[in-house]
Amino acid sequence: MTTQSIELRHTFDEKVYGKRLDLALSETFEDYSRSRIQDWVKQGYVKVNDEVITSNKHKMAGFELVEVNAEIEVAGEWKAQAIALNIVYEDDDLLVVNKPAGLVVHPGAGNQEGTMVNALLHHVPELQNLPRAGIIHRLDKETTGLLVVAKTIAAHTSLVEQLQKRAFTREYDALVNRVMVSGSSIDVPIGRHPTKRTAMAVIPDGRRAITHYRVAEKFLDHTHLKLRLETGRTHQIRVHMSYLKFPIIGDPLYSGRYRVPTKITPELKEKLSKFKRQALHASLLGLKHPATGEYIEWRAPMPSDMQELREALVENRERFASQED
């Protein structure tokens with residue numbers, strides 16, 4: 001990550017008398033969230049009448065000159081690459097991408113190129129000046145579906161605040177092992193796995209994680225679920241479903257040893273053995289547009305590999321049902 005310098009100046013009038021410094025600044029500099037401004041104050045980046053103020057509780061007297069000289073992390077020197085993106089919506093403030101399986105979202109160790117960020121920087125070079133190139137939330141490499149990207153600082157601030165307030169609507173399709181009787185919610189904390197560096201786990205001192213789920217379709221030994229996230233922890237759906245003993249088909253980290261069902265056609269057996277990623281897809285995304293305040297939803301159908309797997313599950317169910325008749 002690299003940083004971008006932010007320089008802001010404003011002379012307040014008498015209307016701010018008695019207001020906290022952070023509140024006065026967040027109401028004036030609307031492109032930046034109150035939490036970001038609070039951090040700037042604590043770090044000594046804010047001067048009031050040429051005096052550094054480090055307390056957000058500082059009361060304004062009116063007619064002060066406030067100067068902010070801060071820095072924000074931006075995308076850095078990541079390379080723009082002409083990688084195809086499935087953009088389902090775009091305007092001046094944001095864009096929504098339907099991410100395919102196998103595409104890493106952010107560059108990292110071993111993945112400096114060929115990521116969604118590299119593709120976005122080619123499509124909108126100005127994203128270089130936004131934190132994480134404007135990406136608001138992530139999907140795992142092998143999870144498919146909808147992601148929103150901010151194109152301006154103001155949109156980024158609005159969308160991050162919505163995400164923090166759990167105001168996004170995020171629904172997923174998942175094909176899981178075993179037959180689930182009915183839907184419910186799970187509220188158990190998730191944190192880093194104590195021994196597996198790349199995995200997460202349900203642990204007592206983890207961060208609160210809430211997932212709502214309902215049954216969309218039942219098969220002989222599998223279930224199609226619709227899930228909604230209330231929180232957004234790393235691997236949240238995958239960990240929660242594994243914890244409930246309904247691991248996602250093909251999940252390399254959390255599905256455990258696969259048990260072959262007794263009633264299974266050779267076709268389905270082959271499909272399951274060749275499905276090497278988690279059968280998880282972000283199918284619905286809803287949020288308030290950062291410029292208009294209008295609530296908007298986008299939907300994306302399950303990708304072809306999940307649709308073909310579902311069709312094989314249906315055919316398997318119908319094959320054995322007909323044999324019993």
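The charged end of Arg-178 lies over the ring of Phe-246, at 4.5 Å from the ring centre. The model is predicted. A search of the whole structure turns up 1 aromatic pair, formed by Tyr-89 and Trp-298. The second largest pocket holds about 350 Å³ of space.

**Aromatic pair**

- Tyr-89 and Trp-298 are tilted relative to each other, with 50 degrees between the planes and 5.4 Å from centre to centre.
- The pair connects distant parts of the chain, since Tyr-89 belongs to strand β5 (residues 87-90) and Trp-298 to strand β15 (residues 295-299), 209 residues apart.
- Tyr-89 has 27% relative accessibility and therefore counts as partly exposed.
- Trp-298 counts as buried because its relative accessibility is 8%, under the 20% limit.

**Second largest pocket**

- The second largest pocket is lined by 18 residues, and those closest to its centre are Asn-177, Ser-255, Gly-256, Tyr-258 and Arg-259.
- Helix α6 (residues 266-274) supplies 3 residues, the largest share of the lining of this pocket.
- Sorted by class, the lining of the second largest pocket comprises 7 charged, 6 nonpolar and 5 polar residues.

**Lys-271**

- Lys-271 is located in helix α6.
- The relative accessibility of Lys-271 is 35%, so this residue counts as partly exposed.
- Residues up to four places away in sequence aside, Lys-271 touches Glu-308, Leu-309 and Ala-312.
- Gln-236 is 35 residues from Lys-271 in sequence, and the C-alpha to C-alpha distance between them is 25 Å.

**Leu-103**

- Leu-103 is part of the loop that runs between β6 (94-99) and α3 (116-123).
- Leu-103 counts as buried because its relative accessibility is 9%, under the 20% limit.
- Apart from neighbours within four places in sequence, the contacts of Leu-103 are Gly-114, Thr-115, Met-116 and Lys-141.
- One of these contacts, Lys-141, is 38 residues from Leu-103 in sequence, with the two C-alpha atoms 5.4 Å apart in space.

How values were computed
Residues are numbered from 1 along each chain as its sequence is written. This is a predicted model: local features need pLDDT of at least 70, side-chain atom pairs count only at pLDDT 80 or more; totals for chains, interfaces and linings use all residues. Side-chain values use heavy atoms; hydrogens and water are left out. Helices (H or I, at least four residues) and strands (E, at least two) are DSSP runs, numbered from the N terminus. Buried means under 20% relative accessible area, exposed over 50%, partly exposed in between (1.4 Å probe, protein chains only). Contact means heavy atoms within 4.5 Å. Rings of Phe, Tyr and Trp (its six-membered ring) pair if their centres lie within 6.5 Å; planes under 30 degrees apart count as stacked, over 60 as edge-to-face and the rest as tilted. A charge sits over a ring if NZ of Lys or CZ of Arg is within 6 Å of the ring centre and within 35 degrees of the ring normal. On a 1 Å grid over the protein atoms alone, a cavity is a set of points where a 1.4 Å probe fits but cannot get out, and a pocket is an open set with protein on both sides within 12 Å along at least five of seven lines; lining residues have an atom within 4 Å of a point. Grid points are joined across faces, edges and corners, and a volume is the space filled by probe spheres set on the points. Ala, Val, Leu, Ile, Met, Phe, Trp, Tyr, Cys and Pro count as nonpolar, Asp, Glu, Lys and Arg as charged, and the others, Gly among them, as polar.
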